[in-house]
Amino acid sequence: MSISRRRFMQGSVAGAAGLLTGAVPAFSANVDWRRYAGTKLEANLIKSPRGELLQKYAKEFFDLTGIEVASEVIPEQQQRQKAVIELGSGKPNFDIVHLSYHVQKRQFDKAGWLADISGFMKDPTLTDASLTESDFSKVGLDYAKNQAGELRSLPWSVDYFIVYWNKELFAKKGLSFPTSFDELASHAEALTDAKAGIYGIVGRGLKNANVALYGHLLLGYDVEALDKSGRLTTDTPEGIAAATYYQRLLTKSAPPGVAGFNWAECQSAFVQGRAAMWIDGVGFAPPLEDPEKSRVVGKVGYSVMPKGPKAQGSATYGDGIGIAATSKNKEAAYLYCQWAVSKLMGARLLQTGGGVPFRNSILNDAEVRKGVKMPGDWVDAVSGSGKVGRPGLPVIIPVAEFRDIIGIALTNTLSGADPAAEMKKATEQFKPILEKSEKA
Amino acid sequence: MTIDLHAEFGSAAGRPALPKERSHKRLRSRRFWPFLVPALIVLTAITVVPWAFTLWMSVREFTVGGTNEFVGLANYARLLVDARFSEAIWHTLFYTFLSVLLPLIFGTLAALVLHREFPLRGLVRGIFVLPMMATPVAIALVWTMMFHPQLGVLNYLLSLVGIEPQGWVFHPATVIPSLILVETWQWTPLVALIVLGGLAVIPREPYESAEIDGAGAWMKFRYITWPMILPFLMIAVIIRMIDALKSFDIIYAITQGGPGTASETINIYLYSVAFSYYNIGYGSAIAVVFFVLVVAISLAMLVLRQKLHWNEMAGAP
Amino acid sequence: MIVAGGGSLLVRRLTLLLSVLAIVSPAILFFLWMLSLSLKYEIDNAAYPPVFFPDRIAWKNYASVFESNGFLSIFWNSVIVTGSATLIALLVGVPAGYAIARMKATKMAAVVLIARMTPGLSYLIPLFLLFQWLGLLGTLAPQIIAHLVLTVPIVIWIMIGYFETTPMDLEEAAAIDGASSWQVFRHVALPIAKPGITVALILAVIFSWNNFVFGIVLAGRQTRTLPVAVYNMISFEQLSWGPLAAAALIVTFPVLVLTVFAQRQIVAGLTAGAVKDG
């Protein structure tokens with residue numbers, strides 16, 4: 001390929017970006033993007049706005065690099081299982097993998113399944129000058145680095161738990177957005193009108209999924225599921241208080257059947273105007289503003305979680321993108337990962353409301369923000385949550401078991417079980433599993 | 001898959017062969033062996049090999065990306081104290097019991113109706129069997145939407161007749177019955193088809209002579225139809241039971257075992273252990289125990305059936 | 001007849017009509033609702049009270065399924081997997097069923113039965129590792145082979161039942177005339193068993209087509225079959241009941257058509273197989 005052709009391609013990509021946002025820089029010319037032209041890669045992505053965005057603009061990456069990427073998007077749960085089984089077998093069928101830090105980080109680190117890309121980051125012929133470690137938020141960088149400090153993936157998109165609220169329902173009762181945990185619960189109770197089928201709040205009650213919400217509530221008591229010394233906090237007074245609060249929210253003012261709700265059922269109830277509040281990840285916002293899917297377009301408030309009894313916090317979960325250690329085309333795969341977290345793709349992610357880039361240079365760019373299609377409240381909730389963001393799940397190997405065991409206890413509280421007894425029992429049950437996994 | 005268990009275990013088994021018959025049989029066997037060999041090779045390859053592997057893994061501490069070492073019977077010992085496992089056994093048995101019983105009742109009733117002559121009977125039978133032919137995962141997803149406590153069509157239908165909304169699969173107390181509803185909806189036709197087969201072979205004479213004797217409808221059913229279709233019902237029970245014990249698609253697609261663990265059957269728990277916790281060793285131990293359970297229950301039913309069969313024979317004039 | 005009660009002819013007719021309606025309504029109502037879901041926009045699908053007849057029809061649900069990447073190739077994968085698994089099952093299963101029926105090989109039948117009792121899940125990990133070791137992952141072969149677990153026992157069982165009902169006089173006569181076992185099978189037994197083979201074929205196709213478990217783990221990007229693809233349509237962060245119902249209907253459609261057209265054979269076959277024991 002001649003240089004002029006390459007320049008031309010870069011120019012056209014920059015042009016497209018310009019149309020979208022006004023002033024997103026092109027892909028830097030000091031990186032030889034076409035060095036691996038003709039390479040074929042396989043990418044294993046999660047079915048999510050992140051994964052789908054990469055698929056949608058796959059042609060742009062091909063035009064830029066000449067690298068052919070065959071990608072597949074599979075729903076989260078199956079993707080996680082499949083990725084782990086394939087990596088564990090030692091011969092994964094993919095080069096690039098989309099990982100969920102909050103579930104898989106420790107497992108991937110310990111098993112050493114992903115390639116160390118620290119070296120690539122330092123190579124100016126391979127890495128755009130604007131991509132530096134310091135550009136990533138701290139949570140993101142912590143997620144991406146292993147204990148030895150090697151970068152094993154690129155932090156891609158962060159997810160904060162926020163409160164979605166129906167302004168119309170609030171106005172009807174003359175209420176304003178709550179400022180504390182207590183007020184949130186009492187508002188929810190005031191907003192509930194079971195006869196009319198309107199409930200004050202909706203949130204995940206389904207086992208496993210509900211631990212993401214519980215982890216979020218825990219932060220209001222100023223603890224994370226695992227304290228600094230690696231002890232579980234789920235049976236401490238704070239852990240039990242959070243479970244009791246969880247029980248109060250989802251029994252007194254949530255729709256019947258909430259024990260079986262995952263995000264999808266919550267979303268259905270919320271877009272139909274049948275729930276006044278919904279606590280969940282920021283990435284669920286776009287359908288709420290889509291008239292084909294929502295009856296609450298323009299009526300949704302987006303807010304940072306109010307302060308809890310001890311602290312204000314927002315559970316932070318994240319996606320990364322990494323390269324299988326067994327890949328034969330690591331450099332080419334690295335170009336793809338870099339493109340995925342690039343300013344252009346990150347801006348698109350933010351602007352469509354599909355996720356929030358870990359890179360400050362994207363998040364704080366005024367031009368990028370201008371192009372955001374979501375309401376201003378949403379952007380404010382995102383940046384506000386970022387300031388109080390903490391991990392919502394413990395960084396351990398058996399996350400799935402943690403979520404199942406604690407999640408079952410939480411679901412039990414919804415049918416009236418005592419939170420203290422349930423949390424103590426579940427914590428006891430999980431302890432040996434955690435100890436075993438740390439020893440291995 | 002439907003028909004044939006009783007053939008082997010009913011007619012051929014149990015009767016001691018006479019010496020002459022036996023040598024005759026051996027002779028015949030040699031002639032037919034070549035027909036059997038390809039199938040045996042295929043079956044061995046696809047079942048025995050995985051089984052040997054499962055047994056081997058079940059005595060190891062084997063996690064994906066983690067350890068792989070021999071631990072003897074530790075996995076089996078763990079099963080004994082695993083509350084979630086024993087709970088799953090009860091769920092499985094409860095689920096299986098009703099998933100056999102309800103289709104059996106409705107299927108028999110449906111067969112009695114479908115056996116009669118009426119216009120468009122072929123079309124009706126065709127529509128009737130659709131549920132058992134449809135793709136379970138696809139069906140399950142539609143049921144999930146119908147079960148939604150606020151937005152689902154089922155609660156709407158209940159509200160029309162003044163019944164208050166139910167939690168269906170979203171409430172621990174109703175989740176298994178709701179899943180059984182789906183299972184019953186899907187598998188009633190299978191039972192009906194088997195019973196129809198039984199009805200088809202009942203000769204007319206007993207009915208005619210019963211009518212001459214002045215027997216009513218119930219008497220005719222009780223003393224002619226029922227004994228004749230009983231063997232067929234037993235086949236239906238055995239087939240339905242094996243399938244219900246192993247049921248996976250419907251539960252996985254609708255609840256994944258939830259809420260909590262309220263609908264977690266052995267098969268679903270096995271899936272979690274192996275594919276969410278990546279604990280292949282323990283998962284294999286569960287698979288082995290599960291298999292033993294399925295075989296034990298099935299054999300018990302077969303034996304029961306054979307006994308019944310012989311009692312009938314003995315009772316016959 | 002069997003449950004005929006007293007009363008006038010009219011009452012009896014009416015009772016029969018109502019019973020027939022009661023029997024088919026669960027199936028009819030369900031599939032109509034499924035159709036309705038697939039033709040509505042999300043906002044109508046999640047509406048309460050439910051919208052039965054929408055103002056506007058969302059044909060785009062179907063369009064989006066057909067346009068979604070690789071739908072045709074996924075469909076083709078399903079055809080190949082089901083076709084091969086059924087064909088192989090017939091090739092090995094029909095002669096095996098014949099042999100077992102003629103040998104009255106009770107124990108052999110029990111072995112086949114055990115293959116059916118095994119939980120499908122327990123095959124998954126060993127087969128996955130085995131296929132990886134053989135380097136077959138990424139092709140359709142693993143799924144075809146795994147589906148044999150379903151199809152071979154079905155075919156064998158149906159055929160045992162069938163061959164037991166076919167009269168042996170002709171076969172014995174042919175054997176006395178000097179025909180080889182193969183010739184007897186090929187020219188005497190097989191032609192008579194054609195209806196049984198049809199049933200075995202239809203059921204094998206249906207069970208294989210509907211299988212979901214094997215696909216979750218054994219299928220890759222290019223080897224996915226329809227049930228797995230439909231399940232994958234439950235997308236994260238987006239409501240999509242309409243497209244989901246459309247996809248579910250599309251997957252089930254071939255099977256439903258097969259059932260309606262071949263219902264006579266299926267019903268006859270399933271029942272005839274059971275006849276012999278009566």
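In the predicted model, T63(B) touches Y278(B), N279(B) and I280(B), leaving aside residues up to four places away in sequence. The residue sits in a loop of chain B, between β1 (60-62) and β2 (68-70). T63(B) has 23 other C-beta atoms within 10 Å. The threshold for burial is 20 or more. T63(B) is therefore buried. A215(B) lies elsewhere: 152 residues separate it from T63(B) along the chain, and the two C-alpha atoms are 67 Å apart.

Of the 440 residues in chain A, 58% are buried. Contacts in chain A between residues at least 6 apart in sequence were also sorted by separation; 75% of them join residues at least 24 apart.

Strand β8 of chain A covers residues 314-323. Ten of its ten residues are buried, and the strand is therefore largely enclosed by the rest of the structure. Both faces of β8(A) are covered. One side carries S314(A), T316(A), G318(A), G320(A) and G322(A). The other carries A315(A), Y317(A), D319(A), I321(A) and I323(A).

Several strands of chain A pair with β8(A). Strand β10 (residues 389-391) pairs with β8(A) in the parallel sense, over three bridges. G389(A) in β10(A) is the bridge partner of S314(A). G318(A), G320(A) and S314(A) belong to one side of β8(A), and each of them is buried.

Chain C has 13 helices and zero strands. Its radius of gyration is 23 Å, well over the 19 Å that the globule rule gives for 278 residues. Chain C is therefore more spread out than a compact globule. Along the principal axes, the C-alpha atoms of chain C fill a box of roughly 75 × 70 × 30 Å. Buried residues account for 54% of the 278 residues of chain C. Among the contacts in chain C with a separation of 6 or more, 77% involve residues 24 or more positions apart.

Helix α1 of chain C runs over residues 9-38. Its 30 residues should span 44 Å at 1.5 Å a residue. The end C-alpha atoms are 43 Å apart, which agrees. The helix has a kink of about 45 degrees at V24(C), shortly before the proline P26(C). The buried residues of α1(C) are V20(C), I23(C), A27(C), F30(C), M34(C), L37(C) and S38(C).

Chain C contacts both of the other chains described here. Towards chain B, 96 residues of chain C are in contact with 90 residues of chain B. Helix α13 (residues 241-275) of chain C gives the most to the chain C side, with 20 residues. By class, that side has 73 nonpolar, 16 polar and seven charged residues.

Towards chain A, 21 residues of chain C are in contact with 24 residues of chain A. Helices α2 (42-45), α6 (121-134) and α11 (213-218) of chain C each supply at least two residues of the chain C side. Helix α6(C) gives the most, with three residues. The residues of chain C that touch chain A divide into twelve nonpolar, six polar and three charged.

Notes:
Residues numbered from 1 in each chain as written. Chains lettered and ligands numbered in written order. Predicted model: local features only at pLDDT ≥ 70, side-chain atom pairs only at ≥ 80, totals over all residues. Helix = DSSP H or I, 4+ residues; strand = E, 2+ residues; numbered from the N terminus. Buried ≥ 20, exposed ≤ 12 C-beta atoms within 10 Å, placed from the backbone. Contact = placed C-beta atoms within 7 Å. Rg over C-alpha atoms; globule rule 2.2 N^0.38 Å. Pairing = 2+ DSSP bridges. Nonpolar A, V, L, I, M, F, W, Y, C, P; charged D, E, K, R; others polar. Expected span 1.5 Å × (residues − 1). Bend = angle between axes of the 7 residues up to and from the residue.
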